[in-house]
Every structure is written in C-alpha cells, then in structure tokens.
Amino acid sequence: MAGRQWSRGGRFLLRLRRPAVPAVALACVLAVLGLTNLAYSGYLPSLGLVNAFVAILLLSGIVWWAGGTRDDVGLGAGTLRRGAVWALALIGVVGSVYLVGALLPLTRELFSNQRTARVGGGELVLLMCVQVPLGTVLLEEYGFRGVLYGLVRRYAGTVAATAVSSLLFGLWHVLGTLHPAVRHPALTTDIAHPHAVPLVIGTLLFTTAAGVLFCELRRRSNSLLAPMGLHWATNALGYLTAFALSHAH
C-alpha cells in the first residue's frame, strides 16, 4: 500500500517536473506577487520578513516547474563575480551622489526625511542591514528582475520582459500609497484625498522607470546582483544620509 502511494506521488512529481505551460507559470508568479503585495500593504495579515522568504520559496518552485535555471533568474554561477563588481560600483556611485548632495546647501534639503530623523542608531542598522536588503531588495529583485523577467524573456524576449517586469513593478508600489498600514507612512494618503490621484500616477511612473533601469542593469551585467546593489544603495544609503543630516545639527 505504501509503495503504491509512493508510486502515485512519484508519477505526480514527474508530471509536475515537465515544463509548465507559460501562461500557467506566469499566472502563478503573478498570484504569489499579488498576495505578497496585499500582505505588505496591509490588506492581508502579514508576518513581516517571513512573507518575503515564503514568496521567494514559492517563486523558486515555479521557476523549477517551468523548467527554468539559475541563469534565468540572474544567479548563474558564472555571472556572480561580474554582478558583484557591478553592484559594488553602483553602490559607490550612489554613495558619492548622496554625499555630494548632502554637503551642498542647494541640494541638502532633498535628502532630509523627518521620519528617519526619529529613528535611533540601532533601528537604523536594522533598517539598512535587515529590512531593506531582505524585506525589500531581495524580494523585489528576485521577484521582478529575477523570476518574472527571466521567464518572460524565456518565452517572449528581452523587450517584453523589460516591459512586463517594469510595469508590474510600478503597480506593485501603488497599493502602498493608499493604505495607512503601509511601510512608508509618509507617502500614504486616502484615495478620496485631492492629492491621491497625482500621487498614485507619480508613484507608478517613477517606479516603472526605475524598473526599466533595473532591468537594463540586469541585461547588461547578466546578473541579478547589479540591480540589487543599486536598489539597496538607493534605499539604505538614503536612510543613512537623512539620519546623518538630522543628527548633524
């Protein structure tokens, strides 16, 4: 009896291992990202960083089911060194821009953030070393520039992959501007507020454009590490700069 059940399970796994129909694989990816976004935006119960790890595991399973490889998600063994070089260079560029901008009186105010000013040193370290890299960068880059970009490129080419990944990356950020439990309360507003529509449109356009840039970095470096480096530097060093400015007076 046990052997018969194992045989059935083995046949099921063999059927599952066959490359999934592209539409089905992509629908599963969108379902995982959509549910994760609802949880992150406060519309579903959230377990914090656990959400990110569960989503990454599910997305990895979908890639396996679709017949994808590490190269499809930008983490091929032969690309890691090149990607790391790109990531370090981009972190250096962003850090230099933030430093110059913070030092110049004309641009200093652009880097101020009242919410970050109330953050303590320990909280800042957790934000930069845990929340940003694991809860934001790893999840979003693996989901959008890794799995989604990789599978769409596999099925329809680079242009389609860039367009789909970037637009959905923009839409990913829209819910966060409308819910009071979002991770970025300074950007939160009610949909009935007169500034809600411009805020949503601005968020969509900006994050979609950022998605195009991240996809281009993924394409040129052939590695997910490059957009991850820029994404982390933009967020984490932005927090660090705002914190330093608020405590410099």
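Leu-30, Leu-33, Thr-36 and Asn-37 of helix α2 are in contact with Leu-168, Leu-171 and Trp-172 of helix α8, contact being defined as heavy atoms within 4.5 Å. By class, this contact comprises 5 nonpolar, 2 polar and no charged residues; Ala, Val, Leu, Ile, Met, Phe, Trp, Tyr, Cys and Pro count as nonpolar, Asp, Glu, Lys and Arg as charged, and the others, Gly among them, as polar. The model is predicted: local features need pLDDT of at least 70, side-chain atom pairs count only at pLDDT 80 or more, and totals for chains, interfaces and linings use all residues. Residues are numbered from 1 along each chain as its sequence is written, and side-chain values use heavy atoms, with hydrogens and water left out.

The helix pairs are set out below; helices are DSSP runs (H or I, at least four residues) numbered from the N terminus. Axes are lines fitted to C-alpha atoms over the stretch in contact, and angles run from 0 to 180 degrees between N-to-C directions.

| Pair | Axes | Angle |
|---|---|---|
| α2 (residues 22-40) and α8 (residues 158-172) | within 11 Å | roughly 20 degrees |
| α7 (residues 121-156) and α8 | 8 Å apart | about 150 degrees |
| α4 and α10 | within 8 Å | roughly 25 degrees |

Helices α2 and α8 are therefore roughly parallel to each other, a term for angles under 35 degrees. Their crossing is right-handed, that is, the near helix is turned clockwise from the far one by less than a right angle.

The crossing of α7 and α8 is likewise right-handed. From α7, the contact includes Leu-139, Glu-140, Phe-144 and Arg-145, and from α8 it includes Thr-158, Ala-160, Leu-168 and Trp-172. The residues of this contact divide into 12 nonpolar, 3 polar and 3 charged.

Helices α4 and α10 are roughly parallel, and their crossing is right-handed. Among the residues of α4 that meet α10 are Trp-86, Leu-90, Tyr-98 and Ala-102, while those of α10 include Leu-230, Trp-232, Thr-241 and Leu-245. This contact has 16 nonpolar, 6 polar and no charged residues.

The second largest pocket has a volume of about 190 Å³. A pocket is an open set of points on a 1 Å grid over the protein atoms alone, where a 1.4 Å probe fits, with protein on both sides within 12 Å along at least five of seven lines; lining residues have an atom within 4 Å of a point. Grid points are joined across faces, edges and corners, and the volume is the space filled by probe spheres set on them. Of the 12 lining residues, Leu-99, Ala-102, Thr-241, Ala-244 and Leu-245 are the closest to the centre of this pocket. Helices α4 (80-103) and α10 (225-246) each supply at least two residues of the lining, and α4 gives the most, with 5 residues. The lining has 8 nonpolar, 3 polar and 1 charged residues.

How values were computed: Angles under 35 degrees count as roughly parallel, over 145 as roughly antiparallel, 65 to 115 as roughly perpendicular and the rest as oblique.
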